[in-house]
Amino acid sequence: MRLLAIDTALDACSVAVHDGSGEVLRLTTASEVLGRGHAERLMGMIGEVMAEASLPFAALDRIAVTVGPGSFTGLRVGLSAARGIALVVGAPAVGIGTLEALAASVSVGEPVHAVLAAKGGEIYAQGFAADGTPLEAPQAVDAATYGAALPPGAALYGSGAAKLVAASGREDLRILGEAGWPDIAAVARLGTAAEVGSHPPEPLYLRPPDAAPARRDIRLLA
Amino acid sequence: MIRPESASANAAGSSFPPAGPLTVLGIETSCDETAAAVVRLAPDGDREILSDVIRSQTGEHEAFGGVVPEIAARAHIRILDGLVSAALKDAGVGFDDLDAVAATAGPGLIGGVIVGLTTAKAIAMAAGKPLVAVNHLEGHALTARLTDSLPFPYLLLLVSGGHTQFLLVEGVGCYRRLGSTIDDALGEAFDKTAKLLQLGFPGGPAVEKAAMRGDPSRFHLPRPMLDRPGIDLSFAGLKTALRTTAEANAPLSQQDVADLCASFQQAVTDVIGEKSRRALALFAESHPEIAPVLVIAGGVAANTAIRARLESEAEKAGARLVAPPGRLCTDNAAMIAWAGIERLAEAHAAGEILDERDAPARPRWPLDAEATAVIGSGRKGAKA
């Protein structure tokens, strides 16, 4: 399968082209840590990686993109690009959860909880079995509450791990690594395996927009 | 379909229209309308809107009494690719048939602009077509050339929820801002009035409807900046005056609400009328050789009282008033595709290749780069 993978959900702006399979599998990748400005860099990076892989857009079988959780704007940058390309190429775009890709970035042969820091006392978290099967839906959750419910000695991975440990006071938890974004190769791998219908390329914000309904000034009207 | 009576109505020189037809896909996502359209310019000068798809998000913002940027951005990403498909299907063209993809790159709500511009860049790159990064205001400024084949120069009054300004349009890329609001846009003032008086969103039609039953002389509201020379406008103070008056008269009966709306509408009509008179006079000074033309664009241009006043000011100044159809006056993608065509045609005529695939999304982007920053314009919202 010839697949283009895109991740702009967090601080990295990453692109990969996955071409062939088995022993002839080729993976061409580019990744830059930007923090912000993904929209300015992404298309140039896609062009560079496609050129390096000598692949025309029309040859793509699939586009994989991380859908969140992550920066709201960042998610939409990646999704806009993936869906725009998919529209022209006529190939499906599949959405890959950021936490799933994060868990797939570390290979440990045991259950792992992918954790990213969110606003306030919250984290984004999702647990996975040793074979990568999700144990729960991705969630935005209070760090202390999530930590308290983890089994003894549970393995954590991701930039929110230290926050979870500090908030829950669970010294028994093991931090495998504190990566702030998934490995783009993991996104490509999951994208190749994903079932198209059950992985819509739609943002997974996990938080509502910051907006308060208009207040009604009841004193004003009779 | 819009066809001018004669291609010779165009005064842009021998380079326009271009040798071959130009077909451009336009994308607009700078505020609360998601839109895609395909427009074609034929070698004989015929302009044709092949498709024009718009989805308004009004319902999603209603509870908030105004456009919420994050809600707008979420709505754009949800439906934009589907709208592009629909626009191409309606037009009966494929990606291969396009000469370029044009998208609004600003000014506007940045989250939405990023969705539209990134989608457009992706389509352009995958289809191997150039990208034209269009200034939303330029889309409004050139619409009358799409609908009415209007020659340059002309005067434009853009009055919408995000913008209120007078522009002297002298050519593609040649815009002089004669005056602008220094704070709120006029459409925003209508929305805030409606919000205060609980008339719903969008506020323009609601306030206008209530005003029809009201007495415009009952409350004397200020006419901001009328006592000062120049063409700049201001509506923030009027908003405060309206609130103070409303609070002083609370509890408000339905008639009080109607009278407040009528008084507000009268105040802004007086301001727009007088500033238009001054702008027309300035136009006559800069271009004494031609009869002045005043083009109006933006949602507020649909207000009957304001429209009537503009007609009378134009008549007094011996000017022609051009009002493109309502659908093309408010935010749409046909105007973005058309602005893309105009810029492509210019580039082709100059023997240049136009491809702005590296253009950034810009929350602020004045059309007139020479214009000095307007006091107070560094506020939230879509300003330029």
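In chain B of this predicted model, helix H5(B) passes H6(B) in a left-handed crossing (left-handed if the near helix is turned anticlockwise from the far one by less than a right angle; helices are DSSP runs of H or I with at least four residues, strands are E runs of at least two, both numbered from the N terminus). The axes of H5 (residues 186-196) and H6 (residues 203-211) of chain B come within 8 Å and cross at roughly 65° (axes are lines fitted to C-alpha atoms over the stretch in contact, with angles from 0 to 180 degrees between N-to-C directions). That makes H5(B) roughly perpendicular to H6(B), a label covering 65 to 115 degrees.

Who touches whom? On the H5(B) side, B:Phe190, B:Asp191, B:Thr193 and B:Ala194 meet B:Gly203, B:Gly204 and B:Val207 of H6(B), contact being heavy atoms within 4.5 Å. Those residues split into three nonpolar, three polar and one charged (Asp, Glu, Lys and Arg are charged; Ala, Val, Leu, Ile, Met, Phe, Trp, Tyr, Cys and Pro nonpolar; the others, Gly among them, polar).

Now to the second largest pocket, with a volume of about 600 Å³ (an open set of points on a 1 Å grid over the protein atoms alone, where a 1.4 Å probe fits, with protein on both sides within 12 Å along at least five of seven lines; lining residues have an atom within 4 Å of a point). Of its 25 lining residues, A:Gly35, A:Ser71, A:Phe72, A:Thr73 and A:Gly74 are the closest to the centre. H2(A) gives the most to the lining, four residues.

Residues are numbered from 1 along each chain as its sequence is written, and chains are lettered from A and ligands numbered from 1 in the order written. Local features need pLDDT of at least 70, side-chain atom pairs count only at 80 or more, totals for chains, interfaces and linings use all residues, and side-chain values use heavy atoms, leaving out hydrogens and water.

Terms used:
Points joined across faces, edges and corners; volume = space filled by probe spheres on them. Parallel < 35°, antiparallel > 145°, perpendicular 65-115°, else oblique.
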